[in-house]
Amino acid sequence: MLKIVGAALLLTGGIGFGLAAVRRLERRVKTLQSLTEALELMERELDFRLPPMKELIWETARRSVEPASEFLAACAERMDELEGQPLSGLWQQAALDELPALKSCDRETLLAVGAVLGRYDAESQRGAISAARERLAGFLADAVEERRRQGRVYGALGATAGAFLVILLF
C-alpha cells in the first residue's frame, strides 16, 4: 500500500511540475496583455489631456486590470516618497516587485517608459509609451505562441517524468 501511495505522489509531483511551467507561461501572457492595455490607456490620456504624472498613473491603475493595475498603483503610492529622486527609480522597483512574470527583455522595454515619464514633453512621452506598447505587443504575440507550443510539451514532460520516476524506483 505504501508503494502505491509513493508512486501516486511521484506521478502527481511530476504532473505538478509540468503544470507549474504552464502557469508561468500563462502569467507572462496575462502580464503582457495587461501592460499593453495599460500603456494604451496612458497614451490616450496623454493625447486628450495632460494630467499631472501622479494623477495619470493613478487613473491608469484604476482603469487597468491586474497585474498592471497593481504595478501602477505601487508606482503612484511611492511617488509621495520621491523627494527629488527620478520617477524611473521607483518605476523600476515597482516593476521588479509587482511584475515577476516578465522576462528581462519585457522589463527593459517597460523601464524605458519609466525613464521618459515626467522628464520630457507630452509628445516625447507619448512616443516612448507608443514604442514600448508596440514592442510589448510583439512580445505578447511571441508569448502566446510559446504558451500554445510549449504548454502541451511541459504538461506531457511533467507527466512523463513522474511516470519515469515511478518505473525507475518501483
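Keep in mind as you look around that the model is predicted. The side chains of Glu123 and Arg126 form a salt bridge, at 2.5 Å from N to O. Both residues belong to helix H6, where they sit 3 residues apart, about one turn of the helix.

Next, select Glu145 and Arg148. Here is another salt bridge between side chains, with an N to O distance of 2.6 Å. This pair also lies in helix H6, with a spacing of 3 residues, about one turn of the helix.

While you have charged side chains on display, select Arg28, Lys103, Asp106 and Glu146, which are linked in a network of salt bridges. Across the whole structure, a search finds 10 salt bridges.

## Stop three: a patch on the surface

Stay with H6, which covers residues 122-169, and go to Phe164. Is Phe164 buried or exposed? Its relative accessible area is 52%, so Phe164 counts as exposed, the cut-off being over 50%.

## Stop four: helix H2 and its two sides

Move to helix H2, residues 53-63. Color Met53, Leu56, Ile57, Thr60 and Ala61, which are buried. Turn the view to look down the helix axis: the buried residues of H2 fall within an arc of 130°, so they line one face of the helix.

For a contrast, select Arg62, which is exposed with a relative accessible area of 59%. Arg62 forms a salt bridge with Glu59, and their closest N and O atoms are 2.5 Å apart. Both residues are in H2, 3 residues apart, about one turn of the helix.

Follow the chain into the loop between H2 and H3, where you will find Ser64. Ser64 is buried, at 13% relative accessible area. Which backbone atom lies 2.5 Å from a polar atom of the Ser64 side chain? Show the backbone of Thr60: the atom is the oxygen of that residue. Then display the neighbors of Ser64. Leaving aside residues up to four places away in sequence, Ser64 touches Ala38, Leu41, Ser69 and Leu72.

## Last stop: a cis peptide bond

Most peptide bonds are trans. Glu66 and Pro67, however, are joined by a cis peptide bond, with omega at about 0°. Pro67 is buried, with 11% relative accessibility.

What does Pro67 touch, not counting residues up to four places away in sequence? Show Lys30, Thr31, Ser34, Glu98 and Leu99 to see these contacts. To finish, draw a distance from the C-alpha of Pro67 to that of Gln33: the two residues are 34 apart in sequence and 9.5 Å apart in space.

Notes
Residues numbered from 1 in each chain as written. Predicted model: local features only at pLDDT ≥ 70, side-chain atom pairs only at ≥ 80, totals over all residues. Heavy atoms only, no water. Helix = DSSP H or I, 4+ residues; strand = E, 2+ residues; numbered from the N terminus. Buried < 20%, exposed > 50% of the residue type's maximum accessible area, 1.4 Å probe, protein only. Arc of directions from axis to C-beta. Polar contact = N/O pair within 3.5 Å; in protein donor to acceptor, adjacent residues only side chain to side chain. Contact = heavy atoms within 4.5 Å. Salt bridge = Lys/Arg side-chain N within 4 Å of Asp/Glu carboxyl O.
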